[in-house]
Amino acid sequence: MTEEILRVENLHVSVGDVPILKGLNLVINRGEIHAIMGRNGSGKSTLANVIMGHPSYEITDGHVFYRGQALEDLEVHERARAGMFLSFQYPASIPGVQVGTFLKKSVSSVRENPPKGREFRKELTAAMSQLSMDKSFLSRYVNDGFSGGEKKRLEILQLLLLQPHLALLDETDSGLDIDALRIVAEGINEVAPNSASLIITHYQRLLDLVQPHFVHAMIDGNIVHSGGPELALELEERGYDWLDNAA
Ligand code: ADP
Ligand code: MG
């Protein structure tokens, strides 16, 4: 049975007075992987950020429903707890906070029955070895001096630990070499069957490893064309100019 996780209807979003999203529609059911592709500045990150409740983005018209609930009825601080997850395009560093502490805190604040110390360690070790992450990671400060690939791995580690209902992955593949990309893809593939996934990417190479059910082309704040996995190949090959008339 299909279970709707995310419904976006006629969504208009502004930053300051500037309209960025202009009537976007999108539905993602549990188990589905959707990919959004589009030029820089077309509004892809805006969509992910507004769903998570980033204060810079204002919904001026339209609706977002998360598991049947109007988004505005979910306080921003409740969203992660309600199973929404955003992997940032540019993860912030938190000097002074160690990765291990950070992960324990985020898991404890999101899960209904937070795992006890030893149990959590076990889970953490398993997830880290799956992502080929060294234990020394845990004592480093969050994203402080991390390479691009290390930042993205930490995002995927959180994804594995949090097992969200809705996973928004904003350019999680950028800056990864092929080995890291494979590892990141494995993490996404493990979580995806039980959640609703939205993958924002510029590149087909991630979508070779994580097969999307639907691919959407975004132009100037709107999804102007949707298709199956083959659309990603077409967009990479042909670019976006041929869709400009549809915008
Ligand atoms: P994409 O992720 O597709 O590259 P974004 O959603 O990041 O695009 O940006 C869409 C447009 O909104 C761009 O013109 C960008 O400059 C503007 N924008 C996004 N976030 C902000 C912000 N916090 N403040 C000002 N302008 C923003
Ligand atoms: Mg972006």
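Me: Hi! Before we dig in, what kind of model is this, and which residues count for local features?
Reply: It's a predicted model, where local features need pLDDT of at least 70 and side-chain atom pairs count only at pLDDT 80 or more, while totals for chains, interfaces and linings use all residues. Residues are numbered from 1 along each chain as its sequence is written, chains are lettered from A and ligands numbered from 1 in the order in which they are written, and side-chain values use heavy atoms, with hydrogens and water left out.

Me: Great. What coordinates the magnesium ion?
Reply: The magnesium ion, ligand 2, is coordinated by Ser-45 through OG and Gln-89 through OE1, at 2.1 to 2.3 Å. Donors here are N, O and S atoms within 2.8 Å of the metal (3.2 Å for Na, K and Ca), and water is not among the atoms, so sites may look incomplete.

Me: Where do those two sit?
Reply: Ser-45 is in helix H1 (residues 44-52) and Gln-89 is in the loop between strand S6 (84-87) and S7, so the pair ties together parts that are 44 residues apart in sequence. Helices (H or I, at least four residues) and strands (E, at least two) are DSSP runs, numbered from the N terminus.

Me: Is Ser-45 buried or exposed?
Reply: Buried, with 19% relative accessibility. Gln-89 is also buried, at 18%. The cut-offs are under 20% relative accessible area for buried, over 50% for exposed and partly exposed in between (1.4 Å probe, protein chains only).

Me: What else does Ser-45 touch?
Reply: Leaving aside neighbours within four places in sequence, Ser-45 is in contact (heavy atoms within 4.5 Å) with Gln-89, Asp-170 and Ile-200. With Asp-170 there is a side-chain polar contact of 2.6 Å. A polar contact is a pair of N or O atoms within 3.5 Å; within protein, one must be able to donate a hydrogen and the other to accept it, and residues adjacent in sequence count only if both atoms are side-chain atoms.

Me: And how many residues of H1 are buried?
Reply: Nine of the nine, so H1 is largely enclosed by the rest of the structure. Just after H1, Gly-53 has a positive phi of about 95 degrees.

Me: On to ligand 1. Which residues are around it?
Reply: Among them are Val-15, Ile-20, Arg-39, Lys-44, Ser-45, Thr-46 and Tyr-57. A residue counts as near if one of its heavy atoms lies within 4 Å.

Me: What polar pairs does ligand 1 make with Ser-42, Gly-43 and Thr-46?
Reply: An oxygen atom of ligand 1 is 3.3 Å from a polar backbone atom of Ser-42, and one is 3.0 Å from a polar backbone atom of Gly-43. For Thr-46, an N or O atom in the side chain is 2.5 Å from an oxygen atom of the ligand.

Me: Switching to H3: which of its residues are buried?
Reply: Val-99, Gly-100, Leu-103, Ser-106, Val-107 and Val-110. They cover an arc of only 135 degrees around the axis, which puts them on the same side of H3; the arc is taken from the directions from the helix axis to the C-beta atoms.

Me: What covers them?
Reply: The cover includes strand S7 (94-98), helix H4 (117-130), strand S8 (141-142) and H5.

Me: How many residues of H5 are buried, then?
Reply: Twelve of the 15, so H5 is largely enclosed by the rest of the structure. Its buried residues pack against S6, H3, H4, S8, strand S9 (166-170) and helix H6 (178-191). The end C-alpha atoms of H5 are 21 Å apart, which agrees with the 21 Å its 15 residues should span; the expected span is 1.5 Å times one less than the number of residues.

Me: What about Lys-151 in that helix?
Reply: Lys-151, in H5 (residues 148-162), is partly exposed, with a relative accessible area of 23%. Lys-151 touches Pro-91, Asn-143 and Phe-146, not counting residues up to four places away in sequence.

Me: Last one: where are Arg-67 and Asp-220?
Reply: Arg-67 is in the loop between strand S4 (57-66) and strand S5 (69-70), with a positive phi near 50 degrees. Asp-220 is in the loop between strand S11 (214-219) and strand S12 (222-227), and has a positive phi of about 45 degrees although it is not a glycine. Most residues other than glycine have a negative phi.
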